[in-house]
Amino acid sequence: MQAPQPSILVIERVRHAGLTLLLALHLASCTHTPPPTEAAPAPASPPAAETALPPAPPAPQAPPRRWGDEILYFVVVDRFADGDTANNVAVDTAAQGAFHGGDLKGLRQQLEELSSLGVTALWITPVLKNIDGFVTGAGFPDWGYHGYWADDFHQLDPRFGTEEDLRALVDEAHRRGIRVLLDVVYNHPGYNSRYLTKQETKGWLRSEERGTCGSDDLTSCVSGLPDFKTEQPEVAKYLLDAQLDWAKRSGVDGFRLDTVKHVDHPFWKEHRRRTREEVSKDFFLLGEVWGGDAESLDPWFAGDEMDAGFDFGFQGSSLAFVQGRGRTIAFDRYLKSRAKVRPGYLLAHFLSSHDVPGALYQLEGDVKRFSLMAVLQLTASGIPTIYYGEEVARPGGDWPANRSDMPWGSRDVKPGAGKPRDENLRKLYQKLISIRRAHPALSRGAHEGLSTDGDLYLYLRHDVESGDAVMVAINRSEQPAKVSVPWPAAWGGTAAEDLLNGDQLQGPTLEITVEPLSARILGRTQRGT
């Protein structure tokens, strides 16, 4: 379907002292645009009425893995692959804030890129109908290509594709053993959304234009976006009915929940109840609480409102370690602290995202140190979340460069055709993912620091349930490093294999040499490992 020609919404940079551009770029999860000071004319058409479309047909079920064992891959749909040029409207690949043409069909066509990497779960940005125009608060025309500025909760955005395209993506992902998480937003619609002006719904929102935004997490207008009064039963029911209907019709395996702390706990409890009763008792909920860690996420885990949350500390802590900006023992304490998450709940950890400067960018393109971060990520407990293209050294950058096109090298896949990619780094990711999937100790084992002095860091991951144990050695220095430790009792022997590099180790004690800026992953020698 061809989308209508977008109208132009020009919104001036905010002058309100409390909502500067800097705050708007870093406070909210997915907006990065200051709020408007003058409202542009609203679209004339009202939100579409609810329609009882048929449920998605039965599809092959995703394998019954534990979510804690998944490898999650996060895609900004518009920036990945363009599979249908007929739905390209206002596409300008040279403009950093414009649509670039990526869509659901293109993502489905390139799922082999994910499955060959070893990915087992896919998180996609929201695909609801977004506002037609753009805002200019960031200093350039900024469109809703990311999907977080909804204008109609009962339509998909034709620029991303059709409902059939969404179903086909989920079905094909399931055939490949890949679960799918759909990103959903309950806190806000887009700037100047029709919900803000339509008579039946304008009372559902707080807004900067009306001066009705509060100053706390629940009533503030994140980055100046209209704020849904989700505490009102009518508003909560409308939003829940709409999003759960998409879950049932598309067959997705769960939601990634945006801006969690800006919606109250009663809403999330009702959300959990309804997803289990109406969609699936195993429907997975991964929440974004800005700045989250095991402690700050616990209020949502204690109330069983979601299954997992993002650990925002992992990127900064691992960056500091590989750059030598902190003591090894301090980083070991951080990794150990992640086990304090409430039993039965999970942390998801990332190196880069659409909201923060990418790790490789912060390392100034140092692929060797970035590779050490990848080793840390894929040998740590929780759900490792790979941000599209970082596995091939997509340069990323600060916002909005952190949302650049997926590099495809010589392949004619738009919009990133011709953009260079590091295939050697991708091979390292494939190897690391293969090792993680073969060794449950890496995803759910206990953490024990064995050597935490100096630049050579050695730790053991041991899963009592399976008996699996893996040792990880990382040398962050530019000189070779050696360590000698007793053989782990969990191995029950005095021989080991370097799972990453292929070497064999044996002897009365475990003597480990690690080359500069390198890593070794050791497991006990056994057939079939």
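The model is predicted. Helix α6 packs against helix α7. The disulfide count is 1.

- Strand β1 spans residues 72-75, and strand β12 spans residues 383-387.
- These two strands run parallel and are joined by 3 bridges.
- Tyr73 has Ile386 of β12 as its bridge partner.

**Helix pair**
- Helix α6 covers residues 233-250, and helix α7 covers residues 265-279.
- They pack at an angle of about 35 degrees, and their axes lie 11 Å apart.
- The crossing of α6 past α7 is right-handed.
- On the α6 side, the contact is made by Ala236, Lys237, Leu240, Asp241, Leu244, Ala247 and Lys248.
- On the α7 side, it is made by Phe267, Glu270, His271, Arg274, Thr275, Glu278 and Val279.
- The residues of this contact divide into 6 nonpolar, 2 polar and 6 charged.

**Disulfide**
- Cys213 pairs with Cys221, and their sulfur atoms are 1.9 Å apart.
- The torsion about the S-S bond is about -90 degrees, so the disulfide is left-handed.
- Cys213 is partly exposed, at a relative accessible area of 21%.
- Cys221 counts as buried, at 5% relative accessibility.
- The cut-off for buried is under 20% relative accessible area.

Conventions. Residues numbered from 1 in each chain as written. Predicted model: local features only at pLDDT ≥ 70, side-chain atom pairs only at ≥ 80, totals over all residues. Heavy atoms only, no water. Axes fitted to C-alpha atoms, helices over the stretch in contact; angles between N-to-C directions. Helix = DSSP H or I, 4+ residues; strand = E, 2+ residues; numbered from the N terminus. Left-handed = near helix turned anticlockwise from the far one by under 90°. Contact = heavy atoms within 4.5 Å. Nonpolar A, V, L, I, M, F, W, Y, C, P; charged D, E, K, R; others polar. Pairing = 2+ DSSP bridges. Disulfide = S-S within 2.5 Å. Buried < 20%, exposed > 50% of the residue type's maximum accessible area, 1.4 Å probe, protein only.
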